[in-house]
Structure formats: C-alpha cells, structure tokens
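User: I'd like to learn how to read a structure like this one, feature by feature. Could you take me through it?

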Amino acid sequence: MGRKKVEIKRIEDKSSRQVTFSKRRKGLLKKAKELSILCDADVAVVVFSNRGRLYDFSSTNSLTEIVQQYHSHVEAEKESSTEVLDTEHSKYSSFMTVGELLQTVERQLEEPAVDDLSVTDLVHLEDQLQTALMQARSSKTHLMIESIKSLREKEKLLSEENKHLENQIATTKNEREVTNGTMALDFTNLAPASMNCRQQKATLNFL
C-alpha cells in the first residue's frame, strides 16, 4: 500500500498541529542545510511559530549577510525596472499616441490598394503596430506600478488608524476600570456609616 496523501489544510487539533510543525520545521531546516552543502548556495530560512517563536538557518556565518544580500538584489531590480520603463517611455514619447498610430494603421488597411502594398510598406506598417503595442504595454506597466504604490500608502494609513483606535480603546477601558474602582471604594466607606445609623436608631428605640 502506498502512503496516504496528506490534505494540505490547517490542522484543527492543537496538539497534532504542534507535532506536525515540529517535524516539518526540522525537515525544512535539514533540507536547507543539504541544499547549501550540495549546491554551494547561500541559503537562509526564517520560520515563526504561531506563538511568535523564531527558528532560523543560515548557510553563512550570519543570517544578516544573506538578508542584506537579498535587499540589495531587490533594490537593484527595482532600479533596473524603473530605468527600463523610463527609457521606453522617453523612446516613444516623441512619436504619435497609441490612438493616432492605430488610426493611421487602420486607414492604411482600409485603402483600396491595400493588397498592392509592397514589402517595405508592410514592414513600415508592422513597425507602427509594434510601436503602438510597446506604448500600450509601457503605459499599462506604469499605471500598475502607480496603483500598487497607492494601495501600499492606503494600507499604511489604515494600519496607523487601527493602532490609534486600539490606543483609544485601551485608554477608555483603563478609565472605566479606574472609575469602577473608585465607586466601589466609596460604597465600602458608606457601608459602616449606614450600620452606625442603624445601631443608633436601635439604641433610641430601646430607651
């Protein structure tokens, strides 16, 4: 019989989840070590448990070195991508807009003698279509990057607002606890006075 295929979903039983986490974490770190040795690769693994405990592995002397290498690589890719976009945009900015290019191509295709176009004319037509396509792709990429930046800024603002609301809730809760404690103390102080009044009244009735 073959091994039963494990369904990849959250394990509901807490003890089983902890056991699985421990076993798979050890296996993951072992595989990372083997990969670094066999392939002479810089490998880093960072794992946080659901309780926030950190487990990590680094094939170098310091995990920070690999993390810094990762950040440098990401920043270099961002700069390279931005330079490519700027180059493409400046390359075609002096040309006609996408709409104008498409209108020009459409007019040429609708001409009565379109079947008689020479190879040179067709190559020129192809170049115009390619230019329009590259302009459209460049504009789309630029809009997507701007949209991502906007979403990240909104996410940051929402996170700050949530923290502010949490602080307000905590402050209000503390104020209520202090108020309730003060009222309880006042009630405790009033109780003996009430008892003394009752005792005095009982004494007068006896007399």
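User: Let's start with charges. How many salt bridges does a search of the whole structure find?

Analyst: A salt bridge here is a side-chain nitrogen of Lys or Arg within 4 Å of a carboxyl oxygen of Asp or Glu. Searching the whole structure turns up one. It joins the side chains of Arg-10 and Glu-12, at 3.2 Å from N to O. Both Arg-10 and Glu-12 are exposed, where exposed means over 50% relative accessible area, buried under 20%, and partly exposed in between (1.4 Å probe, protein chains only).

User: Before we go on, what sort of model is this?

Analyst: This is a predicted model, where local features need pLDDT of at least 70, side-chain atom pairs count only at pLDDT 80 or more, and totals for chains, interfaces and linings use all residues. Residues are numbered from 1 along each chain as its sequence is written, and side-chain values use heavy atoms, leaving out hydrogens and water.

User: Okay. What pattern does the protein chain follow along the sequence?

Analyst: Helices (H or I, at least four residues) and strands (E, at least two) are DSSP runs, numbered from the N terminus. In this protein chain there are four helices and two strands, and the order reads α-β-β-α-α-α. Of its 207 residues, 12% count as buried.

User: Which residues make up the largest nonpolar core?

Analyst: The general idea first: in soluble globular proteins, nonpolar side chains tend to be buried together. A nonpolar core means buried Ala, Val, Leu, Ile, Met, Phe, Trp, Tyr and Cys residues joined through side-chain atoms within 4.5 Å. Here the largest one has seven residues: Leu-29, Ala-32, Val-43, Val-45, Val-47, Tyr-55 and Phe-57. Helix H1 (14-39), strand S1 (44-48) and strand S2 (54-58) each give two or more residues to this core.

User: What does Val-47 touch?

Analyst: Contact means heavy atoms within 4.5 Å. Not counting residues up to four places away in sequence, Val-47 touches Phe-21, Leu-28, Arg-53, Leu-54 and Tyr-55.

User: And Ser-36, is that buried or exposed?

Analyst: Ser-36 sits in helix H1 and counts as buried because its relative accessibility is 11%. Setting aside neighbours within four places in sequence, Ser-36 contacts Ala-41, Val-43, Phe-57 and Ser-59.

User: What about Asp-56: which residues is it in contact with?

Analyst: Asp-56 belongs to strand S2 and, at 39% relative accessibility, counts as partly exposed. Beyond neighbours within four places in sequence, Asp-56 contacts Leu-29, Val-45, Val-46 and Leu-63. Asp-56 and Ala-44 are 12 residues apart in sequence, with their C-alpha atoms 7.4 Å apart.

User: Last one: what does UniProt list for residues 148-175?

Analyst: The unreviewed UniProt entry lists residues 148-175 as "coiled-coil region". UniProt positions follow the numbering used here, feature names are shortened, and annotations may be inferred rather than shown by experiment. In the model, that span is 100% helix and 0% strand, with its end C-alpha atoms 41 Å apart.
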